[in-house]
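Student: Could you take me through a close look at a single part of this model, the sheet and what packs on it? I'd like one connected picture.

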Amino acid sequence: MDPIGHVNHGTFLSLVESSRSALLFGDEVPRAGNLQFVLARLEIDYRRELHWPGRVNSATGVERIETTSLGLRQAVFTDLDCAAVVRAVIVAVDREAHRPVPIPPSTRDALERWRMLA
């Protein structure tokens, strides 16, 4: 918690990391060979305070898919209120070479199922 009793920013980051990980490292998105996803950019807009204890939900959707990267939109909700909106850029890299690699077609197809509507 921060000095005035709100859930601090690190907790927000953990919530959206859990949501991203569920999508990118779960069984629904295949990662062939040495493909690994890494976070390259994170932008967060705080919209509402969170208090402890409490219940929250986080959500993740695919905003765009490029050759070697993808953009995610995420949100943290408490009750029906949006507490934070997040944009994340994820890069596909080769685990051994530590260099960006094209997102394979099977991975791209799986990510398309999570595409957000405009």
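Tutor: Happy to! Strands here are DSSP runs of E with at least two residues, helices are runs of H or I with at least four, and both are numbered from the N terminus. Two strands count as paired if DSSP finds at least two bridges between them. This is a predicted model, where local features need pLDDT of at least 70, side-chain atom pairs count only at pLDDT 80 or more, and totals for chains, interfaces and linings use all residues. Residues are numbered from 1 along each chain as its sequence is written, and side-chain values use heavy atoms, with hydrogens and water left out.

Let's start with the sheet. Its four strands form an open, antiparallel arrangement in the order β1-β4-β3-β2. β1 (35–46) and β2 (57–65) are at the edges with a single partner strand each, so one side of each has no neighbour in the sheet. From one strand to the next, the twist averages 25 degrees; axes are lines fitted to C-alpha atoms, for helices over the stretch in contact, and angles run from 0 to 180 degrees between N-to-C directions.

Now for a pair of strands: β3 (residues 69–78) and β4 (residues 81–94) are joined in the antiparallel sense over 10 bridges. Here L72 stands opposite A88 in β4.

Helix α1 (residues 9–24) packs on this sheet, touching β1, β2, β3 and β4, and its direction makes about 125 degrees with that of β3. Contact means heavy atoms within 4.5 Å. Helix α2 (residues 105–112) lies across β1, β2 and β3, at about 125 degrees to β2.
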